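My entries follow in the order in which I made them.

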Amino acid sequence: LSICFRTVEPLEYYRRFLKENCRPDGRELGEFRATTVNIGNTGSITTADGSALVKLGNTTVICGVKAELAAPAADSTNKGYIVPNVELPSLCSERFRSGPPGEEAQAASQFIADVIENSQMIVKEDLCIANGKLAWVLYCDIICLDYDGNLLDASVFALLAALKNVQLPSVIINEETGLSEVNLKQKSPLTIRKHPVATSFAIFDDTLLIVDPTAEEEDLATGTVTIVTDEEGRLCSVHKPGGSPLTGAKLQDCITRAITRHKEVKKLIDKVIKSIMTK
C-alpha cells in the first residue's frame, strides 16, 4: 500500500514522515547521508594533476583538476586562471539528456565559479609564474556519476578535495631562450587559502527545513537554499534559486548548521589526506 501511496500522493506520503520528524530513508530532518571521499590515486583519475571522488548517499561526483601553462590575460598580467565545469551526463540520471550542458549543469558551473571567487580558496595571483609572461590554468572538471540530489554540496566537496591533492611542477623561464622549463621531479602543492564547504537545505511547505535533500526531496520541496562557509565560520555564499522565502531566523539557523557541517567535512578531508601521507 505504501508504495502505491508514495507513487500517487508523494507529497502527502512525505508529510506523514515529516510530522514524525523523520524522513522515508530513516534520517532525521537535520541528518546528512553517509559521506565518503577518496583522494588522488585511490581509484580516481590517474591522468589528472589532482582528483577526488565524493559520495553523499547515492549521489556520486568525481573532480579532476588538470593544470596547463598559458599567458596571463592582458588586463591581469599577474593572475592565472581557474576554469570550473560541472557535467551532468545522461548516465547519472534519466532526468538529464546527452548533448550540450543543460540549465542545471550551467547553473552549477556558475555556482562553483562564484564559490571559488567569493571564498578566495585559491588566489589567482598565486597561479602566476612570471608577470605578463606565464601562468597556470587550472581546469576543474566536476562530473556527476550518479545523481540523487544535492549536487552542489558534493561538487564543492569534490573540488576542494581534488585541489588539495594537486601537485604542480616547478617552472622557470630560461633568461637566454625565453622558453619555459618544467621540472617534473620538483613538485609542490597548491596554496589553498580557504576551505569552503557547502550545506544545502530543502524547504518544505514554505516552513520546514531539511538538510542534504535527495532528488525526490528536491522535487517535492517548495524551495532550496545552499550556504557556503569557510573554516572561520565566514559566509562565502548563499545560493537561493527562487522558491519559498526564508525568514532571517530560518536563514540564521541554516548558517549555524552549515558551520557545524563544515567541521565534519574538514575533519573527513584531513583524515583522508593524512592516511595518504602515511602510505
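I count a contact when heavy atoms lie within 4.5 Å. The model is predicted, so I kept to its confidence limits: local features need pLDDT of at least 70, side-chain atom pairs count only at pLDDT 80 or more, and totals for chains, interfaces and linings use all residues. Residues are numbered from 1 along each chain as its sequence is written, and side-chain values use heavy atoms, with hydrogens and water left out.

Entry 1, core. I took a nonpolar core as a set of buried Ala, Val, Leu, Ile, Met, Phe, Trp, Tyr and Cys residues joined through side-chain atoms within 4.5 Å. Buried means under 20% relative accessible area, exposed over 50%, and partly exposed in between, with a 1.4 Å probe and protein chains only. The largest such core has 55 residues, and Leu138, Leu159, Leu163 and Leu190 touch the most other members. Helix 4 (residues 151–163) supplies the largest share of this core, 11 residues. Helices are DSSP runs of H or I with at least four residues, strands are runs of E with at least two, and both are numbered from the N terminus. I found another core of 10 residues lying apart from the largest one, with Phe201, Ile203, Leu209 and Val211 among its members.

I then looked up Leu190. Beyond its neighbours within four places in sequence, Leu190 is in contact with Ile122, Leu127, Leu138, Leu163, Val166 and Leu168.

I fitted axes as lines to C-alpha atoms, for helices over the stretch in contact, with angles from 0 to 180 degrees between N-to-C directions. The axes of helix 3 (residues 103–119) and helix 4 come within 11 Å and cross at roughly 50°. On the residue level, Ala108, Phe111, Ile112 and Ile116 of helix 3 meet Leu151, Leu152, Ser155, Val156 and Leu159 of helix 4.

Lys187 has 44% relative accessibility and so counts as partly exposed. Not counting residues up to four places away in sequence, Lys187 touches Gln167, Leu168 and Pro169. I also checked a distance: the C-alpha atoms of Lys187 and Thr247 are separated by 48 Å, at 60 residues apart along the chain.

Is His195 buried or exposed? I read a relative accessible area of 8%, so His195 is buried. His195 is in the loop between strand 8 and strand 9 (197–204). Leaving out residues up to four places away in sequence, His195 touches Leu160, Lys164, Thr229, Asp230, Glu231, His262 and Lys266.
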